[in-house]
Amino acid sequence: SPLIELIGIAHDYPNPAGAGRRRVLDGIDLRLGPGERLGIMGPSGAGKSTLARILIGLEPPSQGRLCFAGHELDPRRRPDRARLREAVQMVWQDPALYLNPRLSVEQQIEEALALRRPRLSRPDRRVATAALLAQVGLPPDLLPRRPHEISGGQAQRVAISRALARAPRLLVCDEILANLDLPAQLAILDLLAQLHAETGLALILIGHDIRPIARLCQRVIWLDQGRILTTAPESNAIRTA
Ligand code: ADP
Ligand code: ADP
């Protein structure tokens, strides 16, 4: 059965101009298999980030159903959100905005590890922290540094290691390459491919550039004005089956 399935999802936001609501997602049906690598593309404002927040349970959809591993979950209910959150992690474009500026790299990772159930002992957390840092290809001398003392590419790796600390089955990456230069982008893509190969982690890569998505993903969907396009835009020569 699919890892995650969205059925008939629609989403409205309050209209900033005043009365009423504006539909930003409509008729979204999407299945993601365990270990699948899916790209989500589309112009700015298409609804990609909203779709990502719905997938991770952060934004309860206005309509439709969300199933995880064969069970329907209601993201308005805290236990259901917690269940999704254990299995699905997300990283964003700018880790500087959500890494804690006052915590060292080591403390950031330990904080995420402290949420694991069953609980890890303190010594086990230390070992796991070092292992997670190595898993994302960072040297141990980064452990005492704070986010402003590392590069953007390194901060993105720390954010990924924090996400991995929760042992997710799906990692949603929302525009995570946007602020990186090309070598750093390629290195992050290699890292994601390696994590997928090692752990069977499912990946969703959201972006507006076809090249990184074509490199990493097996399948791509296009969003436009809140709907999934059934045929790919002709300019993008990639399989969409
Ligand atoms: P994308 O990620 O493809 O750029 P988004 O999901 O961020 O698209 O946005 C889809 C639409 O919803 C846009 O028109 C955006 O302005 C609007 N939107 C996004 N977040 C909110 C919000 N919290 N409140 C109101 N409107 C929003
Ligand atoms: P809780 O219900 O545990 O208080 P929330 O759902 O209110 O958690 O989310 C708190 C913050 O945690 C959010 O603003 C978001 O930035 C982050 N967050 C929530 N779910 C995830 C997730 N699956 N992956 C990464 N960050 C998340």
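Which element supplies the largest share of the lining of the largest pocket? The answer is α2, with 5 residues. The legends below refer to a predicted model.

Figure 1. Two or more lining residues come from each of α2 (78-87), β6 (88-91), α4 and α6. Sorted by class, the lining holds 13 nonpolar, 2 polar and 9 charged residues.

Figure 2. By class, the lining of the second largest pocket consists of 3 nonpolar, 7 polar and 5 charged residues.

**Figure 3. Close-up of the largest nonpolar core, a set of 40 residues.** Val91, Ile160, Leu171, Leu192 and Leu205 have the most contacts inside this core. At least two core residues are supplied by each of α4 (105-113), α5 (122-135), α6 (152-164), β7 (170-174), α7 (182-199), β8 (202-207), α8 (210-216) and β9 (219-224). The element that gives the most is α6, with 6 residues. Another core, of 30 residues, lies apart from the largest one; Leu32, Leu66, Leu84 and Leu223 are among its members. In soluble globular proteins, nonpolar side chains tend to be buried together.

**Figure 4. Close-up of Leu171 and the residues it touches.** Leaving aside residues up to four places away in sequence, Leu171 is in contact with Gln89, Met90, Val91, Ile160, Ala163, Leu192, Leu201, Ala202, Leu203 and Ile204. Of these, Val91, Ile160 and Leu192 are listed with Leu171 among the residues that have the most contacts inside the largest core.

**Figure 5. Close-up of helix α6, which has 13 residues.** From first C-alpha to last, α6 reaches 18 Å, close to the 18 Å expected at 1.5 Å a residue. The helix is mostly covered, with 10 of its 13 residues buried. The buried positions are Gly153, Ala155, Gln156, Arg157, Val158, Ala159, Ile160, Ser161, Ala163 and Leu164. These buried residues pack against β6, α3 (95-98), α4, α5, β7 and α7. Helix α6 also gives two or more residues to the lining of the largest pocket.

Terms used: Residues are numbered from 1 along each chain as its sequence is written. Chains are lettered from A and ligands numbered from 1 in the order in which they are written. This is a predicted model: local features need pLDDT of at least 70, side-chain atom pairs count only at pLDDT 80 or more; totals for chains, interfaces and linings use all residues. Side-chain values use heavy atoms; hydrogens and water are left out. A nonpolar core is a set of buried Ala, Val, Leu, Ile, Met, Phe, Trp, Tyr and Cys residues joined through side-chain atoms within 4.5 Å. Buried means under 20% relative accessible area, exposed over 50%, partly exposed in between (1.4 Å probe, protein chains only). Helices (H or I, at least four residues) and strands (E, at least two) are DSSP runs, numbered from the N terminus. Contact means heavy atoms within 4.5 Å. Ala, Val, Leu, Ile, Met, Phe, Trp, Tyr, Cys and Pro count as nonpolar, Asp, Glu, Lys and Arg as charged, and the others, Gly among them, as polar. The expected span of a helix is 1.5 Å times one less than its number of residues.
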